[in-house]
Amino acid sequence: MSSVFPRLLLAAALALTAGAAGARELRVCADPNNLPFSNNKGEGFENRIAALVAQDLGATVTTTWWAQRRGFIRNTLKAGLCDLVPGTMAGLEMLRSTRPYYRSGYVFVSRADGPQIRSFDDPALRSLRIGVPLVGDDGVNPPPAEALARRGLADHVVGYTLYGDYAQPNPAGRIVAAVAKGEIDVAVVWGPFAGYFAPRQPVALTVTPVQPQTEGPMPMVFDIAMGVRRDDKELADAVNAALGRHRGEIDAILAQYGVPRLDRTQQAGP
């Protein structure tokens, strides 16, 4: 009974649609050009984790592709075009979150032969060009930009749009490449971007977690989960169960993409 009932529950509760041939679908919302997370070739780690979840649930993935900019959730999940958004901040108010499957944070990226920065309070920052990603069409400041501004370092900041030229592959990697090219001395970026793009540069780069992990009311570290519509508890429960069953495989995927993890002691537990 105990082993059969959860499977029956999953089959009954999962929000999967039936295609013409009777195949069940897990409808995923994803960005078509946002490595290391996702692209329309299925090369991102979120692509792979979503496929792993779908396989566990006896489904195939169908994807609604939409650039992750302002209005992404409104135009995809809330519009009914898809049912699951991988890689969302746990606890995001507009979604029902699954259990987190990794925790990461902002990092400093610098050349191995350059200044090694570990804190926003490092006095060396006052003589450096500091790359910071800008999020959104209106150039909204992420937490690192606010932290630097509080220390009077705004004049040292060089902004890089997180989205870049979408006609080019991997636009989000431009800021890491700028460190390698010497256009900037150090960048402060979200950990998975650094972990993926830094080893792909022609020169050695170092990736160092930002300290402190909170800056006043602003966290520099986030738990990452999947999101569904707030009223879709059945799907959230089903995905939670799949994430739990495949925790080891998910950890291996994240490691392959170099994702800096801040939850490894938690992951080592039962």
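Predicted model: local features only at pLDDT ≥ 70, side-chain atom pairs only at ≥ 80, totals over all residues.
Local features here need pLDDT of at least 70 and side-chain atom pairs count only at pLDDT 80 or more, while totals for chains, interfaces and linings use all residues. Numbering runs from 1 along each chain as its sequence is written, and side-chain values use heavy atoms, with hydrogens and water left out.

**Overview**

The protein comes to 9 helices and 15 strands; these are DSSP runs (helices H or I, at least four residues; strands E, at least two), numbered from the N terminus. Of its 270 residues, 47% are buried, where buried means under 20% relative accessible area, exposed over 50% and partly exposed in between (1.4 Å probe, protein chains only).

**The cores**

A nonpolar core is a set of buried Ala, Val, Leu, Ile, Met, Phe, Trp, Tyr and Cys residues joined through side-chain atoms within 4.5 Å. The largest one has 66 residues, and F45, I49, Y102 and V109 touch the most other members. It takes at least three residues from each of domain 1 (25–102 + 222–257) and domain 2 (104–219); those bounds come from an automatic or database domain assignment. Apart from that core lies another of 7 residues, including C29, F72, L77 and L95.

Take V109: leaving aside neighbours within four places in sequence, its contacts (heavy atoms within 4.5 Å) include V176, V186, L205 and V207.

**Aromatic pairs**

Rings of Phe, Tyr and Trp (its six-membered ring) pair if their centres lie within 6.5 Å; planes under 30 degrees apart are stacked, over 60 edge-to-face and the rest tilted.

| Pair | Geometry | Centre to centre | Between planes |
|---|---|---|---|
| Y101 and Y102 | edge-to-face | 5.7 Å | 70° |
| F108 and F120 | edge-to-face | 5.4 Å | 65° |

Y101 and Y102 are both buried, and they belong to one aromatic cluster along with F37, F45, F193, Y196, F197 and Y257.

D121 sits in the loop between strand 8 and strand 9. D121 counts as exposed because its relative accessibility is 52%. Its side chain makes a polar contact of 2.6 Å with that of R151. (A polar contact is a pair of N or O atoms within 3.5 Å; within protein, one must be able to donate a hydrogen and the other to accept it, and residues adjacent in sequence count only if both atoms are side-chain atoms.) Helix 4 (residues 143–150) has P143, P144, A145, A147 and L148 as its buried residues.
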